[in-house]
Amino acid sequence: MSENAPNRVLLRAQDLVKVYPARGIGRTRTREVRAVDGVSFDLKVGETLAIVGESGSGKSTVANAVLRLHDVTSGSIEFDGKDITKLSRGQMHAIRRDLQVVFQDPYESLDPRMRLGDIVAEPLRIHSPDMKRSERQEIVREMMSLVGLGSMPLDRYPHQLSGGQRQRVGIARALIIEPKLVVCDEAVSALDVSVQAQVLDLLSDLKERLGLSYLFITHDLAVVRQVADRVLVLYHGQVVEEGMTDEVLDHPREEYTRNLIAAVPGQRAERERMKKETV
Amino acid sequence: MTNIAADAKFALQVRNLRVSYRSDNGPVEIVHGIDLDVLEGKTLGLVGESGSGKSITGKAVMGLLGRRMFDITADKLEVAGTETTPNSPKLTPGAAMIFQNPFTSLNPSFTVGDFLTDVIRHRHGLKGAAAKKRALELLDAVRIPDAARKLRSYPHQMSGGQQQRVVIAVALALEPRVLIADEPTTALDVTVQAKIIELLNELQKEHGMGMVFVSHDLSLVSDIADSVAVMYRGKIVERGDWGLMTGAAQHPYTKMLLASSPSVRVRSQRLSVSWDFEEELV
Amino acid sequence: MATTVEITVARQTPKTRRFSLGLGGWIGAGILVLFFVVAILAPIMAPYDPVKQIGDSLAAPGAGHIMGTDLYNRDVFSRVLYGAQVSMSVGLIVTLVAFVVGVVLGLASAYFGSWVDVIIGRVTDALMAVPGILLAIAILAVLGGGLSNVVIALSLVYLPEMIRVVRGQALSVKERLYVTSAVALGSGHGRLILRHIAPHVLGPTIVQATFVFAHALLYESALSFLGLGIQPPQATWGNLVADGLPYLSSAPLQVVFPCIVVSLAVLSVNLFGDALRDVIDPEGNVSR
C-alpha cells in the first residue's frame with residue numbers, strides 16, 4: 001500500500017497492559033494498580049483519534065507508552081509497521097522524528113533558560129545536525145509564522161509569553177521536523193476558552209496543511225466533538241466504547257459514556273439557545 | 001438589574017470595589033470599580049479568563065487579601081444588610097469561601113472530624129458530643145456516606161470529590177449568608193463536578209444563602225447561575241440574567257466567549273472569533 | 001498598555017530576578033576582591049621577606065613593622081600578606097576541585113541512577129561519616145603535610161557535600177516537564193545533561209561553592225595551626241597563630257592580627273555567599 005493511501009494504519013496498539021506492582025508491607029502497603037488493562041486501538045493516516053477518560057482512566061499512561069516515555073508491562077505498539085516497544089534507545093531516536101508530542105502545561109514544557117529560537121530549533125539540531133545555521137533559522141521563522149507568531153522576536157524567553165503563546169511555541173517545536181503523528185496530551189486543557197479556541201483551530205489548519213495525524217488525549221467531550229474523527233472512551237484502564245465521534249456522542253451504547261456526556265456542563269443553556277434560534 | 005421584588009433581600013451588595021496591588025513600581029489598580037448584587041438564595045456567576053481579576057474580587061470581598069500587598073476600597077460592602085469596611089483586617093462576617101483545590105484547603109495532619117469540630121466550636125461554642133453531632137449533620141448535608149467513619153479519616157484517604165464536599169461542609173458550619181466559590185470544581189472530574197454543582201444548588205435552596213460562583217467556564221456557570229457578570233481586565237463588561245447565556249449577550253467579549261466554547265452536541269467549523277484585543281506580552 | 005498583574009504562583013525565571021546583592025553582599029564581595037588582590041600582589045606589597053630575620057624579637061607594632069615582629073624576628077605584616085597567598089590559593093583550588101568533580105559525579109549519579117548512584121552514594125556516605133576536620137586530619141596523617149596534600153584532604157572533605165547538592169537538584173530537575181519534552185524530542189544523554197539539566201543545577205551549586213570556600217579557608221588555617229598543614233617557616237595564617245600563641249601575654253597582637261584576618265576573610269565570603277544565594281536560589285534549595 002502506498003505511503004499516503006487512506007485507511008493505512010499508522011499506529012496500532014494491541015492489548016496494552018501497564019501494571020504498577022504493590023509496594024510496601026503492612027498497613028501502608030499499596031495495592032497493585034492496573035493503570036492500563038488491555039487497551040487496543042488503530043489510528044489511521046490522516047485521522048484524529050481522541051482518547052477520552054476521567055482521572056485514573058489510564059489515558060495519560062497510554063500516551064506515555066506510545067511515546068516510549070514509560071514502558072508497558074505487556075502488549076505491542078506498532079508505529080508505521082515497527083513494534084516500538086521492542087526498540088532500543090538508539091533505534092527510538094529515528095522514530096521520534098516522526099512521532100512528536102504537545103504537552104498540557106505551557107508553563108512547564110518549555111525550558112525557562114532557553115530562548116524561543118533555540119527551543120523551536122532544537123528538534124532540527126537533534127535530527128538534522130548537519131543542517132546549516134542559515135537554513136535552520138529560515139525553517140524556524142517559517143514555523144513560527146505558521147503558528148501565528150510570525151512577529152515574535154526569537155530571542156525572547158518563555159516567561160515573557162502568555163500561556164497561549166507558549167503553547168503555540170510548543171506546537172511549532174513539535175511540528176518543525178514534520179512528524180507523521182502528533183500526540184496532543186491534554187494540549188488545550190490548561191488554556192483559557194478563547195485561547196483554546198484559537199489553538200484548536202490552529203491544530204486543525206496545520207493538520208490539513210502538513211498532512212498530520214493526531215492522537216488527542218483529553219477529558220473534555222466538547223473538545224472531542226470538535227477535533228476528533230474517532231473516539232476511544234477509557235474507564236479504569238479499559239476501553240469502554242469506541243467508534244466514530246458523531247456516532248458515539250449521538251448514540252452512546254454504554255452507560256458510562258452516557259453519564260460522561262450528560263455531565264458535560266452548559267447543555268441546558270445550549271438547548272434553550274438552539275430553541276430560540278430555530279424560532 | 002431586571003425586576004426585583006421590592007422586599008427582596010440581598011445576600012451581598014458591593015458598590016465600586018477597587019483593588020490595587022502594591023508593586024515595586026508603585027500601586028497598580030487591578031480591579032476597577034466593580035458592582036455586585038447577589039440575592040438571597042440566588043447565585044451570581046462571575047465569569048472571566050485568567051488575568052480578569054475574578055479571583056481577586058472574590059478574595060477582596062471575603063477579606064482575604066493582605067493589607068501589606070493590597071489596597072481595597074469600596075463605597076459599599078454589605079453582607080445580608082451588615083456593612084463591612086473593605087480594608088478591614090478581619091474576614092468579612094457572614095461570608096465563607098471555598099477554593100479550587102480541596103487537597104490544599106484541608107490540613108493533612110488533621111482528621112475531618114478534628115477540622116469540623118474545630119470550626120463548629122469556633123462559630124457556635126459547642127463542644128464535645130454536641131459538636132460531634134453537628135459535624136455529623138453537616139457531613140450528611142453534603143451527602144457524604146458513612147459519615148461517622150469519615151469523621152475519623154484523613155483528607156488523603158478520600159477522593160477529590162469527597163474532599164471538596166468536606167470543604168463545603170466546613171463552609172456551611174460557618175452558616176454563611178453568602179458563599180464565595182472560586183472555581184470549586186475545576187480540579188475535579190467532570191462527573192464529580194456535575195454532582196458537586198447539584199449539591200451546591202440544593203444546599204442553596206435549603207439554606208437560602210447567596211452564592212458567588214467564580215469561574216472561567218461560561219458553560220459551567222450556565223448550569224448554576226441565576227445571574228451572570230462577565231469580567232475582563234478588572235472591569236465588568238456585561239451583566240445579565242440567564243438570558244445572557246441563551247442569546248441575549250450584547251458585548252463583543254461575551255459573545256466571543258460564548259462562540260469560543262466548543263459544544264458537545266455539535267461541531268463548529270471554526271471556533272475562534274477575532275476580537276479587537278491582541279495577546280499581550282507581560 | 002494596561003498592566004495586568006497575575007497574583008498566581010510566582011514563577012522563578014532567570015531574567016526577571018534583579019541582580020541585587022545588597023549592602024552586605026557588596027561589602028563581602030569588595031573585601032574578598034581585596035584579599036585576592038593582596039594574595040596576588042603579596043610579593044610586591046610585602047616590605048620584607050617573610051622568612052628573613054629582620055628586626056627585633058616580638059616587637060610591638062611600630063616604625064618599619066606595621067604589625068610588629070614575631071619570635072624569630074620576622075615581620076608579621078609581610079607574613080600575613082604571604083599567608084593570604086597560601087590561604088586564598090588553597091581555598092580557591094579546593095573549591096574548584098570540589099565543584100568540578102562534585103558536578104560531574106552528582107550529575108552522573110542523578111541521571112544514570114542504578115549502580116552508578118549506588119557506588120557514588122556509598123563513597124559519599126563513607127566520607128561524610130567522619131566529621132570534616134577529623135577526616136582532614138586523618139588524611140593528612142596518612143599523606144603527610146604540605147600544600148598539595150592539604151588541598152587533597154580538604155577537597156575530599158567537601159566533595160560529598162557538593163555531590164549531594166548537585167544530585168538533589170538534578171534529581172528534581174530531571175522530573176520537570178521540559179526535560180521530559182527534550183526526551184520526547186529525541187535528545188541524547190549528552191544534550192539532556194548538558195543543555196537541560198546542568199544549567200538549572202549550577203545556580204545553587206555555585207552558592208554552595210562559596211560556602212565551601214569559606215570553610216576551606218577556615219580549615220586550612222586550623223590545620224596549619226595544628227601543625228598538620230603547611231609547615232613552617234612558610235607563612236600561613238594558621239602558622240602565625242600557632243607561633244604567636246605561647247607568647248599571648250607578652251605580645252598578644254601576634255595572635256590577634258592573623259585571627260582578625262582569617263575572620264575577616266571568612267566573613268566576607270559568607271556575606272557574599274548569602275547575598276548571592278538570595279539572588280540565585282531564593283527558595284533555599286541549598287542549606288547553609
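**Figure 1. Salt bridges between chain C and chain A of the predicted model.** Two salt bridges are counted between chain C and chain A. One pairing joins A:E122 to C:R191 as a salt bridge, and the closest N and O atoms of these residues lie 3.0 Å apart. On the side of chain C that touches chain A, the elements contributing two or more residues are α6 (177–185) and α7 (189–225) of chain C.

**Figure 2. Polar contacts across the interface of chain C and chain A.** In this interface, 14 residue pairs are in polar contact, with both residues of each pair at pLDDT 80 or more.

**Figure 3. Extent of the interface between chain C and chain A.** Contacts link 24 residues of chain C with 26 residues of chain A. The area buried between chain C and chain A amounts to about 2,400 Å², and carbon and sulfur atoms supply 58% of that area. Within chain C, the residues that lose the most area to chain A are C:L177, C:A184 and C:L185; together they account for 26% of what that side buries.

**Figure 4. A nonpolar surface patch of chain C.** The patch is formed by C:L92, C:I93, C:L96, C:V97, C:V100, C:V101 and C:V104. Together, these residues have about 540 Å² of accessible area. One of them, C:V100, belongs to helix α2 (residues 76–112) of chain C. C:V100 has a relative accessible area of 48% and is therefore classed as partly exposed, given that the exposed class begins over 50% and the buried class lies under 20%.

Conventions:
Residues are numbered from 1 along each chain as its sequence is written. Chains are lettered from A and ligands numbered from 1 in the order in which they are written. This is a predicted model: local features need pLDDT of at least 70, side-chain atom pairs count only at pLDDT 80 or more; totals for chains, interfaces and linings use all residues. Side-chain values use heavy atoms; hydrogens and water are left out. Patches are made of residues with over 30% relative accessible area and no salt bridge: like charges are joined within 9 Å, nonpolar side chains (Val, Leu, Ile, Met, Phe, Trp, Tyr) within 5 Å. Accessible areas come from the Shrake-Rupley method with a 1.4 Å probe; for residues, only the protein chains shown count as cover. A salt bridge is a side-chain nitrogen of Lys or Arg within 4 Å of a carboxyl oxygen of Asp or Glu. Helices (H or I, at least four residues) and strands (E, at least two) are DSSP runs, numbered from the N terminus. Buried means under 20% relative accessible area, exposed over 50%, partly exposed in between (1.4 Å probe, protein chains only). Contact means heavy atoms within 4.5 Å. Buried area is the accessible area (1.4 Å probe) that two parts lose on being put together, summed over both. A polar contact is a pair of N or O atoms within 3.5 Å; within protein, one must be able to donate a hydrogen and the other to accept it, and residues adjacent in sequence count only if both atoms are side-chain atoms.
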